[in-house]
Amino acid sequence: MDAGDVIVGIDLGTTNSLVAVCDASGPRVLAGADGSRLMPSAVRYERAGGVGGALRVVVGEVAKREAPEYPTTTVLSVKRLMGRSLEDAASDVRHVSYAVEAGERGTTRV
């Protein structure tokens with residue numbers, strides 16, 4: 001492994017996830033600001049300053065906590081939709097607040 005190489009592993013869970021990295025310092029599990037190694041499986045995408053602004057990504061506890069304020073740009077429970085067709089996932093899609101559509105090869109796309 002070269003000094004600049006980084007390997008990232010993600011154990012994606014429906015509710016919580018765990019992220020680990022391995023670099024020149026060795027392997028380690030990342031912890032959030034509160035020290036917890038489990039991170040809520042939540043991500044929010046937003047444009048700084050509105051349309052055309054830089055893309056900002058908010059993950060984990062902050063994204064989960066602020067989800068009620070940003071219901072259409074916060075993705076939660078996406079693992080329930082992965083690899084499924086829109087038709088197959090219809091019963092789960094009706095419970096999410098973000099847009100889900102048919103993607104390439106018939107799978108759902110957020």
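Author: A residue is called buried under 20% relative accessible area, exposed over 50%, and partly exposed in between, using a 1.4 Å probe and protein chains only. The model discussed here is predicted, so local features need pLDDT of at least 70 and side-chain atom pairs count only at pLDDT 80 or more, whereas totals for chains, interfaces and linings use all residues. Residues are numbered from 1 along each chain as its sequence is written, and side-chain values use heavy atoms, with hydrogens and water left out.

Reader: Why is Glu 101 called partly exposed?

Author: The relative accessible area of Glu 101 is 38%.

Reader: What makes the contact of Glu 101 and Arg 109 a salt bridge?

Author: The term requires a side-chain nitrogen of Lys or Arg within 4 Å of a carboxyl oxygen of Asp or Glu. The N to O distance between the side chains of Glu 101 and Arg 109 is 2.3 Å, and the pair therefore qualifies.

Reader: How many salt bridges does a search of the whole structure find?

Author: The search finds eight. One of them joins Glu 46 and Arg 56, whose side chains meet at 2.5 Å, N to O. This pair links distant parts of the chain, with Glu 46 in strand 5 and Arg 56 in strand 6, 10 residues apart. Arg 56 has a relative accessible area of 43% and is therefore partly exposed. Asp 88 forms a salt bridge with Arg 84, the closest N and O atoms being 2.9 Å apart. The accessibility of Asp 88 is 46%, so Asp 88 is also partly exposed.

Reader: Which residues are linked with Glu 46 in a network of salt bridges?

Author: The network links Glu 46 with Arg 44, Arg 56 and Glu 66.

Reader: What makes strand 5 (residues 42–47) and strand 7 a pair?

Author: Three antiparallel bridges connect strand 5 and strand 7, and the pairing therefore holds here too. Ala 42 has Leu 76 as its bridge partner in strand 7.

Reader: Why are strand 6 (55–59) and strand 7 said to stand at the edges?

Author: The open sheet has three strands in the order 6-5-7, with antiparallel pairing. Strand 6 and strand 7 each have a single partner strand, so one side of each lacks a neighbour in the sheet. From one strand to the next, the twist averages 20°.

Reader: Why is Thr 15 called exposed?

Author: The relative accessibility of Thr 15 is 52%, so Thr 15 counts as exposed. Thr 15 lies in the loop between strand 1 and strand 2 (16–23). Its C-alpha is 8.0 Å from that of Leu 76, although the two are 61 residues apart in sequence. Thr 15 also touches Met 39, Pro 40 and Ser 41, with residues up to four places away in sequence not counted; a contact means heavy atoms within 4.5 Å.

Reader: Why is the phi of Ser 77 worth noting?

Author: Most residues other than glycine have a negative phi. The phi of Ser 77 is near 55°, a positive value. Ser 77 belongs to the loop between strand 7 (74–76) and helix 2 (90–93) and, at 26% relative accessibility, counts as partly exposed. Arg 105, likewise not a glycine, has a positive phi of about 60°. Arg 105 is found in the loop between strand 8 (101–102) and strand 9 (108–109), and its relative accessible area of 78% makes Arg 105 exposed.

Reader: In which strand is Val 8 placed, and why is Val 8 called exposed?

Author: Val 8 is in strand 1 (residues 7–11). With a relative accessible area of 51%, Val 8 is exposed.

Key. Helix = DSSP H or I, 4+ residues; strand = E, 2+ residues; numbered from the N terminus. Pairing = 2+ DSSP bridges. Axes fitted to C-alpha atoms, helices over the stretch in contact; angles between N-to-C directions.
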